Amino acid sequence: MCSGPAAPIVQSMITVEHLFKRYGGHTAVQDVSFRCEPGTVTGFLGPNGAGKSTTMRMIAGLTPPTSGTTTVLGVPYGALPNPGREIGVLLDASAQHAGRTGLETLRLTADVIGVPRARVHELLKLVDLESTKARRRVGDYSLGMRQRLGLALALIGDPRILMLDEPANGLDPEGIHWMRGLLRDFADRGGTVLLSSHLLREVEAVADRLVVIAGGKIVADGSKAELLESAGTLVKATSRTELRRALATAGLASTTTTDGGQLVEADPEAVGRAVAQAGVILTELRPADGAGLEELFLSLTATQPHADRQEVAA
Amino acid sequence: MSTTTIPGALTPRDIAGPTLGRLVTVELRKASDTRSGRWLLGLAVLTTVTVAIMRGFIGPAGDRTLTDIVELAHIPFSIFLPIIGILLITGEWTQRTALTTFALVPDRRRVVLSKLLAALALSATGLAAALLSAVVVAGVAGVDGTWNLGVDDLGQVTLAVLMGMVWGVAFGLVLRTPAAAIVAYFTLPTVFGVLGELISGLESTWKWLDPNRSLTTLAEMRLSGDGWWHLLTSSSLWILLPLVAGTALLLRREVK
């Protein structure tokens with residue numbers, strides 16, 4: 001039993017390096033690399049089908065990668081002596097036997113990873129699935145209750161890492177708020193959280209770092225503050241065509257936002273100079289902050305197939 | 001990129017994973033902690049006892065021996081328990097619990113082995129229940145030759161029951177969906193056997209390949225001589241091959 005590999009000194013709890021996954025001719029995950037450090041919540045963002053779940057399944061050793069490596073605590077997932085005690089994994093809250101009760105589902109996991117049965121009741125209390133709810137069959141649970149059960153399953157081994165795929169799905173606003181608090185607290189006590197979502201708003205409030213994936217590729221990776229900074233300048237003009245022409249002449253890359261403005265990869269002064277030279281009349285010119293992150297997310301993810309949009313992320 | 005530096009080495013905790021024994025216990029629990037699992041187990045026990053009683057009290061007294069009762073009493077759970085074996089495997093895919101199972105135990109060989117051992121334990125328990133009810137019925141009914149069941153006979157019927165269970169597990173491994181595995185388990189060998197009977201030219205080959213012939217003889221505690229070789233070849237084809245192929249598939253399969 002004690003013949004495990006000599007683990008290297010690591011600072012990152014989850015490491016993903018040059019990960020590829022191909023299904024026939026389709027490349028689901030393409031050269032994905034990122035790390036999750038202790039004490040942080042990493043939001044793994046991207047539209048549905050971007051490759052988030054595939055990446056997470058590869059981290060958990062459930063999907064064999066075409067190439068590249070993933071490690072948890074410096075070793076491949078399969079080399080963890082007792083994975084349930086290191087990393088709490090919730091990949092799909094609906095993937096539970098419909099005929100088992102919530103209580104029984106938790107008991108089975110407790111038995112496999114070797115934690116006392118008393119812990120089952122602690123966890124049921126934590127996720128608010130006590131007494132009668134615990135004795136109902138999972139088939140009769142709402143999606144929100146399944147997410148709570150899934151979170152209890154992930155936490156029961158007292159892990160230092162949590163990897164959760166779309167955990168907010170099906171939770172009501174109060175439930176989302178509760179979960180954010182729980183994850184923030186987990187990270188503040190030194191834990192590491194990787195959680196995915198297709199909605200920026202869901203992770204914005206709790207994440208320290210964002211890894212944005214679109215079309216199987218990482219399009220942005222950095223701290224929330226960095227990504228806000230790099231979100232550029234939001235500019236609107238009386239004529240959108242003239243504005244675009246002026247920006248293009250000045251060599252400033254930009255994308256069109258949903259409300260008719262342009263999100264420019266430059267500071268407001270550079271944009272101001274560019275449009276002043278062209279004599280464009282501005283109606284708005286400001287650094288793209290909070291809302292800018294959303295625009296960034298949309299621009300990074302919504303129009304992925306166009307090469308010109310990818311360079312925005314660079 | 002922001003970096004939070006935590007001093008010291010972060011390595012996996014030194015907490016041992018589950019032993020094989022614990023995994024087998026968990027699999028046995030899984031077989032009986034759902035409504036469908038409990039129904040199947042209950043029906044198996046109920047029909048076994050019913051058949052034993054009927055065989056012990058009905059029919060000409062001369063035909064009633066302990067061997068006859070055992071021969072008949074083991075049939076109901078020989079039918080029901082492989083279904084439980086099939087569900088133990090296929091349920092992981094249809095209920096998608098494989099995501100949890102293999103995330104907690106990444107070495108999938110250990111999962112397959114624990115399921116197989118749990119299935120065999122169920123079969124052995126079922127057989128013990130059948131023997132017990134047969135002995136009780138034989139005693140109460142006062143049939144002839146009550147204690148004429150030899151060790152060899154017992155060995156044969158036990159082997160037949162266990163092989164039937166491995167067969168179910170093997171088909172579950174290959175076919176993945178319960179309906180397909182159950183239907184295949186019950187119809188394929190029969191169709192195969194009928195084919196052998198219809199085409200006379202196949203007769204000499206079929207006795208080596210038809211699993212039901214040698215397994216039925218084994219369950220009736222009458223296998224001898226070349227029959228053992230027929231059992232070996234036919235069960236290699238129908239049980240061992242799917243077991244190995246199904247396990248190999250499972251080890252490589254993407255778990256979604």
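## Report on a predicted two-chain model

Buried residues make up 41% of the 256 residues in chain B, where a residue is buried if 20 or more other C-beta atoms lie within 10 Å of its own, exposed if 12 or fewer, and partly exposed in between, with C-beta atoms placed from the backbone. The model is predicted: local features need pLDDT of at least 70, side-chain atom pairs count only at pLDDT 80 or more, and totals for chains, interfaces and linings use all residues. Residues are numbered from 1 along each chain as its sequence is written, while chains are lettered from A and ligands numbered from 1 in the order in which they are written.

**Chain B.** This chain has 10 helices and 0 strands; helices (H or I, at least four residues) and strands (E, at least two) are DSSP runs, numbered from the N terminus. The C-alpha trace of chain B spans about 85 × 50 × 30 Å along its principal axes. Two residues are in contact if their C-beta atoms, placed from the backbone, lie within 7 Å. Among the contacts in chain B between residues at least 6 apart in sequence, 78% join residues at least 24 apart.

**Strand E8 of chain A.** Strand E8(A), residues 209–214, is mostly covered, with 6 of its 6 residues buried. In a regular strand the side chains alternate between the two faces of the sheet. Both faces of E8(A) are covered: Arg209(A), Val211(A) and Ile213(A) are buried on one side, and Leu210(A), Val212(A) and Ala214(A) are buried on the other.

Two strands pair if DSSP finds at least two bridges between them.

| Partner strand | Residues | Bridges to E8(A) | Direction |
|---|---|---|---|
| E3(A) | 41–45 | 4 bridges | parallel |
| E9(A) | 217–223 | 6 bridges | antiparallel |

Arg209(A) takes part in both pairings: Thr42(A) stands opposite Arg209(A), and Ser223(A) in E9(A) is the bridge partner of Arg209(A). The hairpin of E8(A) and E9(A) has 2 residues between the strands, and Gly215(A) takes a positive phi near 55 degrees there.

**Positive phi outside glycine.** His18(A) is not a glycine, yet has a positive phi of about 45 degrees. His18(A) is found in strand E1(A), residues 14–23, and is exposed, with 12 other C-beta atoms within 10 Å. Asp128(A), also not a glycine, has a positive phi of about 60 degrees. Asp128(A) is found in the loop between helix H3 (118–126) and helix H4 (131–134) of chain A, and counts as exposed with 12 C-beta neighbours inside 10 Å.

**The contact between the chains.** In chain A, 47 residues are in contact with 37 residues of chain B. On the chain A side, the elements that give two or more residues are helix H2 (102–113) and E9. The largest share, 6 residues, comes from H2(A). The residues on this side divide into 23 nonpolar, 16 polar and 8 charged; Ala, Val, Leu, Ile, Met, Phe, Trp, Tyr, Cys and Pro count as nonpolar, Asp, Glu, Lys and Arg as charged, and the others, Gly among them, as polar.

**Nonpolar cores.** A nonpolar core is a set of buried Ala, Val, Leu, Ile, Met, Phe, Trp, Tyr and Cys residues joined through C-beta atoms within 7 Å. Of the 139 residues in the largest nonpolar core, Ala152(A), Met163(A) and Ala134(B) touch the most other members. The largest share of this core, 13 residues, comes from helix H3 (residues 66–94) of chain B. Leaving aside neighbours within four places in sequence, Met163(A) is in contact with Met56(A), Ile59(A), Ala60(A), Ile87(A), Val89(A) and Leu194(A). A second, separate core of 14 residues includes Leu243(A), Leu247(A), Val271(A) and Val280(A).
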